[in-house]
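Subject: Structure for you, with notes on what was found

Dear colleague,

Please find the structure below, followed by my notes on selected residues and elements. I would be glad if you could read the notes with the structure open.

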Amino acid sequence: MKKIKIDYLSTLFVGIDIGSRTNVISALNFDQDFLIRMIPVANAQGGAEQMEEMIAQVLSQHHEFRAVIIGLESTGFYGVHIANYLSTSEKLAPFSTKVYCLNPNEVKQYKKSFNSLDKNDGIDSFVIADFARVGRIHTEPWRGAQYLALQRLTRHRLHITECIAREKTYMLNNIFLKFSEFAMLNKGEHPFSDKYGATAEAVLTDYLSTEDIVGASVDELVAFISSKSRGRIADPEQTTYLLQKAAQDSYRLDQCLYEPLTVSIGCSFNCISAFEKELKAINAAIQRAVKGLNPTEYQILASVPGIGPVYASGILAELGTIKCFKSNDALAKYCGIVWKENQSGEFEAEDTPMNKAGNRYLRYYMIEAAGSVMQHCPEYKAFYDKKFAEVRTHQHKRALALTSRKLIRMLFGLLANGKLYSVEKSR
């Protein structure tokens, strides 16, 4: 990978060892002289200001420096605030200060190159500064505030979709009590293609009981369905027949139960409608936030048929940069789309659970993206169908997860090589 271009003799190299409560800072010049020697500061606003002042003081005393490179290991959220603070510091801005979040494995391997190091709690800050001094950094400078802003939106979007799914599941319990066949019928036998659509909502809330549906005239129900669907249902007579049959076959309840159930179902529909309205607002905000954020990787993701702005943003917000991963296997492990072995001797179980120890947000967006890509790319649809037919249990979940794993291999190749999608590259 391409190394960063720097003027070594005029650059101050700063390393920060990040901890949950304490950070340790070191600074070196190109001759490896300590200008700040492993000083601990609190991982808080005051500590960040103290670091800024120490670096500024070194710069004021050593006029040979024209640039500052600050390195810190990418250790989850503990380093977010300090990276944001130093990368936007007005005191350090005149020195073209750049902050880099480094791969901990790379720093660990570099540390092994030293024959002997003193045992010191802050020694990693020296190793990080020296890692920058010898030109080993090849990642992009920190733009974490932008990623964090996008991540807040994409993660909140998942929160909203989970709220919608949870409310639908809860509502379906009440629907089963009021209108059992409506809740249980499969698509081919169900009156409506969408159990949660506007016409279904009108039937469930405007008609108090299944007896009212059974007792209504065919002409009345046809007119009702045509009106509520705004003419979108092609055969309202067939829909009316299926609806009345479902009502006839459903359990009967005491009359005192119908009104409370109808009120509860109506309330759930209102909640779902509110969540869906917020989901549209979140989607629009995501598309605004992603503009200008790592445009190359975003364009690569968006070039894949089925991966639109929202899915591309969700993947990018959690991924950051593909340079953090040495292989597609490492990326799959980070997503948690890997499987535990269930084998003994010559026996190999058909049911091998997925190891969901990775980033659940990235896993969600990868799996959702795979489901969408499958609808646009015949190769992925054929792969899904093949995997679906291989087993008798958990067919959809297994096939979709394996399709997601295939998508990860393809995305890693595109991102690592900086190539846009084409049919040939997807194979």
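Leaving aside its neighbours within four places in sequence, which residues is E167 in contact with? Before the reply, two remarks on the basis of these notes. This is a predicted model, in which local features need pLDDT of at least 70 and side-chain atom pairs count only at pLDDT 80 or more, whereas totals for chains, interfaces and linings use all residues. Residues are numbered from 1 along each chain as its sequence is written, and side-chain values use heavy atoms, with hydrogens and water left out.

With those neighbours set aside, E167 is in contact with S268, C271 and I272, where contact means heavy atoms within 4.5 Å. E167 belongs to helix α5, residues 144-178; helices (H or I, at least four residues) and strands (E, at least two) are DSSP runs, numbered from the N terminus. Its relative accessible area is 17%, so E167 is buried, given that buried means under 20% relative accessible area, exposed over 50%, and partly exposed in between (1.4 Å probe, protein chains only). Although E167 and S268 are 101 residues apart in sequence, their C-alpha atoms are 6.5 Å apart in space.

Helix α6 spans residues 180-184 and includes M184, and A183 is placed in helix α6 too. A183 counts as buried at 6% relative accessibility, whereas M184 is exposed, with a relative accessible area of 54%. Not counting residues up to four places away in sequence, A183 touches L172, I175, F176 and K195; from A183 to N173 the separation is ten residues in sequence and 8.1 Å in space, C-alpha to C-alpha.

M184 also takes part in a nonpolar patch on the surface, formed together with F176, L177 and Y251, and the accessible area of these residues together is about 450 Å². Patches are made of residues with over 30% relative accessible area and no salt bridge, like charges being joined within 9 Å and nonpolar side chains (Val, Leu, Ile, Met, Phe, Trp, Tyr) within 5 Å. A salt bridge is a side-chain nitrogen of Lys or Arg within 4 Å of a carboxyl oxygen of Asp or Glu, and accessible areas come from the Shrake-Rupley method with a 1.4 Å probe, only the protein chains shown counting as cover for residues.

In helix α12 (residues 295-302), the buried residues are E297, Y298, I300 and L301. Seen down the axis of α12, these fall within an arc of 160°, so they line one face of the helix; the arc is that of the directions from the helix axis to the C-beta atoms. Their cover includes α11 (255-290), α13 (309-319) and α17 (395-417).

Helix α17 also holds T403, which is buried with a relative accessible area of 0%. A polar atom of the T403 side chain lies 2.7 Å from the backbone oxygen of A399. With residues up to four places away in sequence not counted, T403 touches A370, Y380, F383 and Y384.

Q32, in the loop between β2 (22-28) and β3 (34-42), has a phi near 70°, a positive value in a residue other than glycine, and is partly exposed at 33% relative accessible area. H394, in the loop between α16 (378-390) and α17, has a phi near 50°, again positive in a residue other than glycine, and counts as exposed at 52% relative accessibility.

With kind regards

How values were computed. A polar contact is a pair of N or O atoms within 3.5 Å; within protein, one must be able to donate a hydrogen and the other to accept it, and residues adjacent in sequence count only if both atoms are side-chain atoms.
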